[in-house]
Amino acid sequence: MQNVFIKEDCDQFIGRINQLKPDSQPLWGKMSVDKMLAHCNVTYEMVYDDIHKKPNAFMRFLLKSFVKNKVVDESPYPKNIKTAPQFIINDDRNFEIEKERLISYINKTLLLGESEFEGKESLSFGKLSSREWNNMFAKHLDHHFTQFGV
């Protein structure tokens, strides 16, 4: 598992992003490359931007009970896994803008560092360890970059 708190690993993620082109096609799934980048940005928006609603208590209970471990463990996501509604991107996006946003979020996470994320609250899962945050970020990026062959 790569580590989003280590510069060399972040450089690898950014290098993979820079291999993407506006016409890159997925090896599986339905997302276009611009939507995939916007989709990856949602994870970071939930941390840094106040634009997503916190799930209600019942939904948080369900997410913590049935989804959290699959999201924060080190096992890779399977191909064609169901996408949570708040991560579905329906409209076309600007490839370059989404690309730059994602690179910026990766760099911000690196700059803030591991200690910033130890015990940090997730909108959906409550408090997470820095390891859980890393797993969530890193495996999501890897899953979608692999989806697009980079």
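Select Arg-60, which sits in helix H3 (helices are DSSP runs of H or I with at least four residues, strands are E runs of at least two, and both are numbered from the N terminus). Arg-60 is buried, at a relative accessible area of 13% (buried means under 20%, exposed over 50%, partly exposed in between, with a 1.4 Å probe and protein chains only). Now show its contacts (heavy atoms within 4.5 Å). Leaving out residues up to four places away in sequence, Arg-60 touches Lys-54, Pro-55, Glu-121, Ser-122, Leu-123, Ser-124 and Gly-126.

Before moving on, note that this is a predicted model, where local features need pLDDT of at least 70, side-chain atom pairs count only at pLDDT 80 or more, and totals for chains, interfaces and linings use all residues. Residues are numbered from 1 along each chain as its sequence is written, and side-chain values use heavy atoms, with hydrogens and water left out.

**Next stop: H3 against H6**

The axes of H3 and H6 come within 8 Å and cross at roughly 75 degrees (axes are lines fitted to C-alpha atoms, for helices over the stretch in contact, and angles run from 0 to 180 degrees between N-to-C directions). That makes H3 roughly perpendicular to H6 (65 to 115 degrees; under 35 counts as roughly parallel, over 145 as roughly antiparallel, the rest as oblique). Display Lys-68, Lys-70, Val-71 and Val-72 on H3, and Glu-132, Asn-135, Met-136 and Lys-139 on H6; these make the contact. By class, three are nonpolar, one is polar and four are charged (Ala, Val, Leu, Ile, Met, Phe, Trp, Tyr, Cys and Pro count as nonpolar, Asp, Glu, Lys and Arg as charged, and the others, Gly among them, as polar).

**H2 against H6**

From H2, select Met-36, His-39, Cys-40, Thr-43, Tyr-44 and Val-47; from H6, Trp-133, Phe-137, His-140, Leu-141, His-144, Phe-145 and Gln-147. This contact has eight nonpolar residues, five polar and no charged.

**Met-46**

Met-46 is also in H2. Its relative accessibility is 18%, so Met-46 counts as buried. Draw a distance to Ser-122: the two C-alpha atoms are 7.8 Å apart, across 76 residues of chain. Beyond neighbours within four places in sequence, Met-46 contacts His-52, Gln-86, Phe-87 and Leu-123.

The largest pocket has a volume of about 1100 Å³ (the space filled by probe spheres set on the points, which are joined across faces, edges and corners). Of its 39 lining residues, centre the view on His-39, Lys-82, Thr-83, Ala-84 and Phe-87, the closest to the pocket centre. The lining holds 21 nonpolar, 13 polar and five charged residues.

Move to the second largest pocket, about 180 Å³. Among its 13 lining residues, Pro-76, Ala-138, Lys-139, Asp-142 and His-143 are closest to the centre. H6 supplies the largest share of this lining, five residues.

**Last stop: Arg-16**

Select Arg-16 in helix H1 (residues 7–19). Arg-16 is buried, with a relative accessible area of 13%. Apart from residues up to four places away in sequence, Arg-16 touches Gln-2, Asp-142, Phe-145, Thr-146 and Val-150.

Definitions and conventions:
On a 1 Å grid over the protein atoms alone, a cavity is a set of points where a 1.4 Å probe fits but cannot get out, and a pocket is an open set with protein on both sides within 12 Å along at least five of seven lines; lining residues have an atom within 4 Å of a point.
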